[in-house]
Amino acid sequence: MNGPGIDYEAVFNALPGAVALLTTDLVYVDANEVFLSLSGRTREQVIGRYLFDVFPENPDDPDATGMRNLQASLRRVLATGERDVMAPQRYDVEDPDRPGEWAERYWSPVNSPVRGPDGAVALLLHRVEEVTELIRAGGTPIGDDRAQVLEAELVSRARELQEVNERLREANAREREVALHLQEAMLPALRPLGRHRAAVRYRPATGSLNVCGDWYDLVDLPDRNRTALAVGDVVGHGLRAAGVMGQLRSALSAASHVAAGPAEALEVLGLYARAVEGAESTTAVSVFIDWSSNTLTYSSAGHPPPALCRPDGTLTFLDQATDPPLGARPEHAARPQAQTAFTDGSALVLYTDGLVERRHEDIDTGLHRLADSLSRHRGSDPEALADALLADLIPPAGVTDDTALLILRL
């Protein structure tokens, strides 16, 4: 159990495996006793030093790839925020007492992200297990022909596994790129709304396949005095999520043209979603703007509440008409809607949860961040306001969920 009485430093040092903590610049900040013993280094020789200064590549081995593979793995963890399991690697270690003398060593590394309060990768956890004896057939003398054959076979299999992992990563990267292109093609271009200025943004999750489920939409309704805005978030990722997103966005746009209000539009979308595989638990929010009466009518299907910031800085979250996500109820039921007045010059902000949600953090913390940023930048043009919100709320390293953002100056 987690608790204030646990000495995590003692736990770290007592771990039976060899583990070390690295900064994002690959500098050691800590290493447990097993790691130091296994590597033949003292704490003073490791802590505060760059990883590859402590453990350089063997210059006498022209085929050495251990350093390059390890560096690539650590960079992947930084870029994706996901754990990376490496195939066994040959990585020779220099004798600290005999410079120039290298011991042939084999390792099985696993690299994992350690996230900070903002959800970004703050540290890297490097766990390593030595498999030299396994590679050498359980200690059989290396001169034995059978041992040499087994060693060569194991090394060959390790390299094959490394190549397979690389091909899988390349395939995932290609799928991500295709999904992003599809997402971009299906999201609508921003259309003029008379004197009302708007801005839209889509930010994919950083280095992850967890992309392409978010959408935004903005349409003028047939009576010319109303405009409908919507954002939504499909559960899932990749090409499948992009396809589902395209279907639901189009369906909600069509329903908004004939519905009496946002609740009815979401009811129609919910019925349609039952026939679309992968649409279950999608969240969405719809806002109808009546320009003649200066009112907003809204309804939410399990989605984070839109924010209305008035010219004086007063901010209201539109959270009085929230219902479960699409397909969450076993039977159809009417959805609620609520109405509020707005002042000319107010800013209306719709967004998906990637803007405000962070791991290990209450959603209210993210909403407070959004309210503070929106209040400070409320006078900005929608384009500048969108950039300011993203800069304030999305960490430089990115987040693990994609983000859609729609801003309209009322």
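View 1. At 18% relative accessibility, Asp 61 counts as buried, where buried means under 20% relative accessible area, exposed means over 50%, and partly exposed lies in between (1.4 Å probe, protein chains only). Arg 90 is partly exposed, with a relative accessibility of 34%. The two side chains meet in a salt bridge with an N to O distance of 3.8 Å; the term denotes a side-chain nitrogen of Lys or Arg within 4 Å of a carboxyl oxygen of Asp or Glu. Because Asp 61 lies in the loop between helix H4 (51-54) and helix H5 (66-80) and Arg 90 in strand S4 (residues 89-90), the pair ties together parts that are 29 residues apart in sequence. Helices (H or I, at least four residues) and strands (E, at least two) are DSSP runs, numbered from the N terminus. Asp 61 and Arg 90 also belong to a network of salt bridges that includes Asp 92 and Glu 104.

The model shown in these views is predicted, so that local features need pLDDT of at least 70 and side-chain atom pairs count only at pLDDT 80 or more, while totals for chains, interfaces and linings use all residues. Residues are numbered from 1 along each chain as its sequence is written, and side-chain values use heavy atoms, with hydrogens and water left out.

**View 2. The salt bridge between Glu 130 and Arg 105.** The closest N and O atoms of this pair are 2.6 Å apart. Glu 130 belongs to strand S8 (residues 121-130) and Arg 105 to the loop between strand S6 (102-103) and strand S7 (106-115), so that distant parts of the chain, 25 residues apart, are linked. Arg 105 is buried, at 15% relative accessible area, whereas Glu 130 is partly exposed, at 27%.

**View 3. Arg 127 and its surroundings.** Arg 127 is located in strand S8 and is partly exposed, with a relative accessibility of 41%. Residues up to four places away in sequence being left aside, Arg 127 touches Ala 18, Val 19, Ser 108, Pro 109 and Val 110; contact means heavy atoms within 4.5 Å. Leu 21 is 106 residues from Arg 127 along the chain, and their C-alpha atoms are separated by 8.8 Å.

**View 4. The salt bridge between Arg 369 and Glu 361.** These side chains meet at an N to O distance of 2.7 Å. Arg 369 is partly exposed, with a relative accessible area of 29%. Glu 361 is partly exposed as well, with a value of 23%.

**View 5. A nonpolar surface patch.** Ile 6, Tyr 8, Val 11 and Leu 15 make a nonpolar patch of about 320 Å². Patches are made of residues with over 30% relative accessible area and no salt bridge; like charges are joined within 9 Å, and nonpolar side chains (Val, Leu, Ile, Met, Phe, Trp, Tyr) within 5 Å. Leu 15 lies in the loop between helix H1 (8-14) and strand S1 (18-22) and is partly exposed, at 33% relative accessible area.

**View 6. The whole protein, for orientation.** The secondary structure comprises eleven helices and 19 strands. Of the 410 residues, 47% count as buried. The accessible surface comes to about 19700 Å², of which 53% belongs to carbon and sulfur atoms; accessible areas come from the Shrake-Rupley method with a 1.4 Å probe, and for residues only the protein chains shown count as cover. Among contacts between residues at least 6 apart in sequence, 62% join residues at least 24 apart. A search of the whole structure finds 17 salt bridges.
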